[in-house]
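Dear colleague,

I am passing a structure on to you with this email, and I would ask you to look it over before reading on. My notes on what was found in it follow below.

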Amino acid sequence: FIEHDCVIGNNCRVGTHAVLRRGTRIGDHSVFGSLSASEGNNHIGNHVTIETQCHITDGIVIEDYVFIASEFVGANTMRISHGRKNIPLVKEAPYIKFGARVGVNVTILPKVTIGREALIGAGAVVTKDVPDFAIAFGTPAKVYGEVPEEERYQEELYQKFLARSLR
């Protein structure tokens with residue numbers, strides 16, 4: 001189901017029974033998996049893969065070359081205000097930077113930034129920012145190492161991304 005006011009780039013694939021709500025923007029050469037849902041008002045970059053049964057929260061930014069495995073959940077508010085007019089609804093979605101890899105069944109809480117090319121292990125609950133090139137896992141997620149140089153994208157590709165995004 002794709003609502004109006006969505007933008008889907010060239011050479012993309014949207015899986016079976018996926019839901020894209022208003023304001024979802026998907027870049028070129030990206031995959032949005034079957035049974036995944038985008039709440040809208042978000043940005044999904046170029047060459048991004050979002051696997052099956054993922055929840056892409058309202059307001060999230062996912063930069064280019066990011067991989068998100070199945071059953072990902074992004075949260076965008078620290079307080080559940082449902083039915084409580086005295087609790088303001090404040091949305092502060094996660095931000096996933098260029099080339100990050102997110103393992104299966106990961107939850108990222110509001111206001112959290114996943115650094116450039118960071119690797120988040122399966123089942124992690126990410127409650128704090130993860131630095132560039134860090135390897136983090138656990139509940140709550142902690143940094144346990146650094147992504148080896150040979151697993152990183154070439155700097156030239158990252159510089160091209162930066163040049164495009166600064167326009």
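A residue is called buried when its relative accessible area is under 20%, exposed when that area is over 50%, and partly exposed in between (1.4 Å probe, protein chains only). By that scale Ile-2, with a relative accessible area of 47%, is partly exposed.

Please keep in mind that this is a predicted model, in which local features need pLDDT of at least 70, side-chain atom pairs count only at pLDDT 80 or more, and totals for chains, interfaces and linings use all residues. Residues are numbered from 1 along each chain as its sequence is written, and side-chain values use heavy atoms, with hydrogens and water left out.

Strands here are DSSP runs of E with at least two residues, numbered from the N terminus, and two of them pair if DSSP finds at least two bridges between them. An open sheet is formed by 6 strands in the order E1-E4-E7-E10-E13-E16, with parallel pairing. At its edges stand E1 (7–8) and E16 (113–114), each of which has a single partner strand, so one side of each is left without a neighbour in the sheet. Within this sheet, E7 (residues 42–44) and E10 (residues 61–62) run parallel and are joined by 2 bridges, with His-43 having Val-61 in E10 as its bridge partner.

Elsewhere, E19 (residues 134–137) pairs with E20 (residues 142–146) in the antiparallel sense over 4 bridges, and Ala-134 stands opposite Glu-146 in E20. This hairpin has 4 residues between the strands, and Gly-138 takes a positive phi near 105° in it. Pro-140, which lies in the loop between E19 and E20, is joined to Thr-139 by a cis peptide bond with omega of about -5°.

Asp-5, in the segment before E1, has a phi of about 70° and counts as exposed at 56% relative accessibility. Asn-41, in the loop between E6 (37–38) and E7, has a phi of about 55° and counts as partly exposed at 48%.

How many disulfides are there, if a disulfide is a pair of cysteine sulfur atoms within 2.5 Å? The count comes to 0. The sulfur of Cys-6 is too far for a bond, because the closest cysteine sulfur, in Cys-12, is 12 Å away. Cys-54 is in no disulfide either, the nearest cysteine sulfur, that of Cys-12, being 16 Å away; Cys-54 is buried, with a relative accessible area of 3%.

Conventions
Disulfide = S-S within 2.5 Å.
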